[in-house]
Amino acid sequence: MNCIEIKSLRKIYKKGIVGLEDLFLNVPKGSLFGFLGPNGAGKSTTINILAGIIRRDAGDISILGTTVHDEDYEYKRWIGFVLEQPTYFEKLTVKEYLEFVGSMYDLDISETKKRTDELIDFFALAEEQNEWIEKYSAGMKKKVALAAAIIHQPKLLILDEPLEGIDPVSAKQIKDMLRDMVNKGTTVFMSSHNLDTVEKLCDEVAIINKGKFVFQSKTEDIRKKVKDEASQETYQSLEEVFIDVVSQDGEEKEKKKLSWL
Amino acid sequence: MINQENLLRVCIHVRLLNRYTKPASLMPLVVLSILALKFTGAYYAIPVNPGISVVVINFLVYGFLFEDLFLGETNMKIFYFLYPIDLKKFTFARNFAGLLLMLVSVSVSVSLATIILHLTLEQISDAFLYFFVTFFGLLHFWNFTSIMFSRNSSSSKVFLFSALEILEILGASIPYFIMKLLSTGFFLCSSVIVVLGASWYVFSVPQTSRMLLRRKFDIIGRA
């Protein structure tokens, strides 16, 4: 069963810029799913449409078995989001912010406070908990956003570059947490540019390019996929697959060089 | 209606409004206006209760902030629609926080005016009656202007919005002045305040939340 089903999703921005063109995507329930693509491929557009903050021009979306329309918001009760812009009220402390988000999900106050304390401890934000979020580094803001995304124990996590700017120790802890959540039945849908991390962490990956779906596979099968029919050579890494599939439409593959270096 | 969750929401909105709009920073303007009333002798010349003039000063000074009651920065606009917010509860908490902050400011400035302009007890109670009767009407205007014209668009038309604000205050004051013409009875005034408060809760809060949802993509401005 799929947790997210996207059919024929289309988004054209002003001046005719194509954000998404007939995108199809199925995200299996209970998987840690990597959503990849080069800059401007449409990853953030897809995530923002799933979050209901960008209007789609066409297409159907089903999340957790429910068809989602642009105006719907009840479906978000079971989803946690981390978007490109991670936090929204920066003149709050992390505690105030998490309590505010907890109240948005109608969490019981005592439970919200308990989870807030645990989250602050888990994300190592205790030292700065009395500072306003606006004083935090980009990585710390990302941690606050992640904490806000899981405070209500979501069934689906949609994350846009969740580990960007986060130090290696915390990143390891977050990756372990995501794996634990998936083991307990949560689905995680994350975009990233870090292909090594995605290959090690995710169960399945999809690649989009120029707003279109181009590749999907279980990560364990990537190294079994044949790269060259004639020699029966297989791919050695996700990076190799990525470079191959995003440059298949006639783009130059040779290494570019700068004239002055 | 009043439970721990709602109180927490109101507290957070008081903090947010206080930190983002910084109403305390405008207090010197209110004090200066009261002093101007005193030293220009305007409070002798104006044939109304000077306490009401003090409340009008508050509406003029803070109204400009509260015309952007909901929105403000782009990030906040995204927040309203990213989370499964019950926009009715949200509107209620935001409006109630506005009421509390305004009440603090009016209380401080009426106290100052009592010292500077020698207000009588009747003038003070009348000023508060005027505040409550007018505030609920103004809230409706502020909710509307905040959603229809966010700060980004209104800042370029400051003069137009200042004029609109004066009209809003005049419009919202009409029930009070009609009430004063009919009777000065405390019971009638209190009843009117209850009716206005109830109509704000029954009509304005749901209408505002529906308007927020309907104009979601225009507000986010990214569609």
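This is a predicted model: local features need pLDDT of at least 70, side-chain atom pairs count only at pLDDT 80 or more; totals for chains, interfaces and linings use all residues.
The axes of α2 (residues 94–104 of chain A) and α1 (residues 4–21 of chain B) come within 10 Å and cross at roughly 130°; axes are lines fitted to C-alpha atoms over the stretch in contact, with angles running from 0 to 180 degrees between N-to-C directions. Helices are DSSP runs (H or I, at least four residues) numbered from the N terminus. The crossing of α2(A) past α1(B) is left-handed, that is, the near helix is turned anticlockwise from the far one by less than a right angle.

On the α2(A) side, the contact (heavy atoms within 4.5 Å) is made by E96(A), E99(A), F100(A) and S103(A), which meet L8(B), R9(B), I12(B), H13(B), R15(B), L16(B) and R19(B) of α1(B). A salt bridge (a side-chain nitrogen of Lys or Arg within 4 Å of a carboxyl oxygen of Asp or Glu) joins E96(A) to R19(B), with the closest N and O atoms 2.7 Å apart.

Turning to the whole interface, 38 residues of chain A are in contact with 29 residues of chain B. The buried area (accessible area, 1.4 Å probe, lost on putting the two parts together and summed over both) is about 3500 Å², with 63% from carbon and sulfur atoms. Across this interface, 3 salt bridges are found.

Residues are numbered from 1 along each chain as its sequence is written, chains are lettered from A and ligands numbered from 1 in the order in which they are written. Local features need pLDDT of at least 70 and side-chain atom pairs pLDDT 80 or more, while totals for chains, interfaces and linings use all residues, and side-chain values use heavy atoms, leaving out hydrogens and water.

Conventions. Helices (H or I, at least four residues) and strands (E, at least two) are DSSP runs, numbered from the N terminus.
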